[in-house]
Amino acid sequence: MSDMIPTPDTIPVSWGFLQFLLLLTFPLHIILMNAMLGSAIIALYARFRSGELWTRLSEDLAKALPLIVAFTINFGVAPLLFVQVLYGQFIYTSSILMGVFWLSIILLLIVAYYCTYLFDFKFAALGQAGKWIIGLAVVIFLGIAFLFSNNMTLMLRPGEWSLYWQNSGGTILNLGDVTLWPRYLHFIVGGTAVGGLAVALIGKFKAKRDPELAELAVTVGMRVFTVLTFVQIAIGFWFLLALDKPVMMMFMGENMLATVLLLAGIMLAIGVLWAASKKKVYLAAAHVIALLYVMTFMRAFVRAGYLQEVYTLDMLQVIPQYSPMIVFFVVLVAGLATVVWLVRQAVEAA
Amino acid sequence: MNYPVWYLPTIGGAFFIALIAITHVFVSHFAVGGGLYLIFAERLGLRRNSQAILDFTKKHAKFFILITLVFGSMTGVGIWFIIALASAGGTSLLIHNFVFGWAIEWVFFVVEIVAAFVYFYTFGKMKPSTHQAVGWVYFGAAWASLFIINGILSFMLTPGAWLESGNFWIGFFNPTFWPSLFFRTFIATMLAGVYAFLTCSFLRDGELKKTMTRFSGWWVLVSFLASIPFGYWYLNVLPEPARDLVAGKSPTIQTALDYGLYAIGLVFVLSLVLTLIRPALNVKPVAFLIMMGAFVFLGAFEWSREAARRPFVINQVMYSNGLMPVDVEKANAVGFLQSAKWTSIREVTPENLQQAGAEIFQHQCYACHTVNGWNNDIVPLTESMSYRAMVSYIQTIHEKRYFMPPFAGTDAEAQALAAYLVGGLHGKEIVMAAPVAESAVARGALVFEESCSACHGYDAIAPSMAGWNADRIREALDNLSQLNEMMEDFSGTTAEKEALTQYLLTGGEVATDGAVLFEENCSMCHGLAEIRPGMVGWDRAKIRQSLDNLSAINQMMEDYDGTPSEKDALADYLAAAVAGGDQ
């Protein structure tokens, strides 16, 4: 099995920097992905409800969706870059094994992305037909998430790679993996829950201009959030128990940091539910962001745990060249400052 | 060899790369130039105080957002996906070496998106000077993205002194960086005009259409003319092999450049007409035609740039098939199948010959060749070759045709690959023997090889045969044991003895069978039937002479470097073929 693992290339800075950047940027992608999934599903649901207020909610979400999609994709780029640097030999291989599905993501996303624009720009003209458009986008989003779950688990299972000898056409999925379904559900149920919270937030922003709509958005969003968070906690435990025993045991005391993270996650989840029950949208959102970071760190432990027999990050050879990273940080700061300026101008103009 | 091969024999990964990459560059250059166009179009509207021009600009901005933000960014991510699938080793090398280059590009991508949204959604609602500033921020970020990508793309063609130092900045600011950057910048502003023609063609207001078509036309014309010196500079800094390939040594580049030239000619002439003569002619089909022309031109340029670094995917560093020169050396020493990670067969045996060959094909050839597909299909390309010719061709493939990577592996592996290509794909016999020799001399050479060559070659016995005639040779063959007691008298048939005599008489010039020479030297590129029409009316003298000047007939050919008698034999064979004889 390990003789099929490709030899990795060298890295220019110590792996810790790259891991830091990976863990910093991935939750941002997840937050946006959640907002995208949740608001698309709620926009679809709202289109099924009768009443002018529901239509307005759907239309409001329609306006936000193309932007959220753009930033979800954009913020997916950075973590995908850093994971390729740290785990390239695994993720390139698993991607090739499922090449047809993996490449299809591009086409699917283009379709879904245009659906969100169509749903926005032609909202009134489409009328009830808009259901089909945004419905297609939702189905595609859920499908893409499934393909991602497949790849992210297949890359951790070099033992399964010998499936290639029966199928080199790139149509392998990791369906035999017991963690696949809980992992997938963990992402989409949790994602929709957080998406509900995002809808509540979008409503809050509108509170002054359209209090009636804001009220509906907060009510619906927080209900979705609360109910699905309960479901999510159950799925989380299913996922935990489905993990290979040595990996699971890391969270049960064998690795102190991993265990602390699990406990912190549970406490944050309780905090989230408490804030939600009080309809404290901003407080719940702050908890959720912290929780998503904690879960991302746990995910890094799962990944390292599955691969520890064959690979640890310190095996990467460093040929030091720090100056490009320094330039990157400078550009990042300048870029963020520019974004702040742009947003300020836009807010003033509005 | 380090990574598995995603094997879709009839389509090929290269097809997807070309498809996604060419559509992407057509949009991404527009994303750069189009941003600048929006600023100036808006400024024109503001200066002339024309709401119509401002409305046009806003409409164009919407089209711009829908094309660049969705299709542009998704195909950009798409290139990254497909190159990692089709060429994982090369992608990994670029990602690891330039990780912070890509990361910087991502920051510009973030700024670009935010600025594009702000520009579009606040159009007409923001103070004009601020709105223009937002436009400039957009253009700055988009051009900076081009700046970064250009560094990495041009690195792949000309890594320059990076090869020694491995230094990020030296690789980034490589020999083609600047000419390529300026060339692409002007291509980007040219495309801004081309895309704007399309938006203009939808305008109903005749006066506005005239104004904006002219305005857009100047973008195309000026940009195109400005790009020419940078294109010339670009060509001049190319290293020797790449320049030769672009100048005619590569058949695919030649075709691409021909199309590209016609296409840009069309764009230029039509733009000239629309700008200087009749802007009203800018109707949808014309605008679309210009767009197609620009698409073909850009596609031809990108294709040629990619093909010019052949046989490498990263020049001098990694071959198109993902092998590095050091991998080739290792494979030659211990065997490719032994040293590769993703082959199921580890050693060639008589039983697995074709299967091993198929695996080697997937790893070493499939990066560029499909099987029964339409993109550089290996089947017609190998149609006229025998197993023997194929084995010899594979072993010298890089020397014979520079743009093909060298074969990596042992002799047995080369034979396995040849067996797959000749036996597996064409169902021909896998035998090492030459085709049945036509002439007595050639038959004699075979007899010599079988009966004599185990102990001595021709050269070893030539001095002692000096001045012998046919009869003397026949007599000696009957009494070999008397010449040297280690030999036995020749015991072959009379015909064999006669053939051997003729062979010894001619002085050991053996392989003078023109058909064999043709197969060994010509058939990998063309069969007889393909060249015969072009040689109608040629006599033997002309054919003989042309063998010394093949490069003058077609730059992709090398002058034939056989011995004088081989040239004669090949000329005889071709002359007979032209006269209507041998197929």
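What share of the 583 residues in chain B is buried? The figure is 55%. Buried means under 20% relative accessible area, exposed means over 50%, and partly exposed lies in between (1.4 Å probe, protein chains only).

This is a predicted model, where local features need pLDDT of at least 70, side-chain atom pairs count only at pLDDT 80 or more, and totals for chains, interfaces and linings use all residues. Residues are numbered from 1 along each chain as its sequence is written, chains are lettered from A and ligands numbered from 1 in the order in which they are written, and side-chain values use heavy atoms, leaving out hydrogens and water.

**The two chains**

Chain A has 11 helices and 0 strands. Its radius of gyration is 21 Å, close to the 20 Å that the globule rule gives for 350 residues, so chain A is as compact as a globular protein of that length. The radius is taken over C-alpha atoms, and the rule is 2.2 Å times the number of residues to the power 0.38.

Chain B has 29 helices and 2 strands. Its radius of gyration is 31 Å, well over the 25 Å that the rule gives for 583 residues, so chain B is more spread out than a compact globule. Helices (H or I, at least four residues) and strands (E, at least two) are DSSP runs, numbered from the N terminus.

Here are some values for each chain.

In chain A, 57% of the 350 residues count as buried. Now take contacts, meaning heavy atoms within 4.5 Å. Among chain A contacts with a separation of 6 or more, 82% join residues 24 or more positions apart. In chain B, 72% of the contacts between residues at least 6 apart join residues at least 24 apart.

**The cores**

A nonpolar core is a set of buried Ala, Val, Leu, Ile, Met, Phe, Trp, Tyr and Cys residues joined through side-chain atoms within 4.5 Å. In soluble globular proteins, nonpolar side chains tend to be buried together.

The largest core here holds 294 residues. A:Leu57, A:Phe251, B:Met212 and B:Phe361 touch the most other members. Helix α2 (residues 52-97) of chain A gives the most to this core, with 26 residues. Apart from it lies another core, of 17 residues, including B:Leu517 and B:Tyr573.

Look at B:Phe361. Beyond its neighbours within four places in sequence, its contacts include B:Tyr7, B:His369, B:Ile378 and B:Leu421.

**Two buried residues of chain A**

Where is A:Thr179 found? A:Thr179 sits in the loop between α5 (130-154) and α6 (180-205). A:Thr179 counts as buried, at 4% relative accessibility. Leaving aside neighbours within four places, its contacts include A:Thr153, A:Arg157, A:Phe239 and A:Tyr306.

A:Tyr184 lies in helix α6. A:Tyr184 is also buried, with a relative accessible area of 8%. Not counting residues up to four places away, A:Tyr184 touches A:Leu142, A:Ala145, A:Phe146 and A:Ser149. A:Tyr184 and A:Ile235 are 51 residues apart in sequence and 9.8 Å apart in space, C-alpha to C-alpha.
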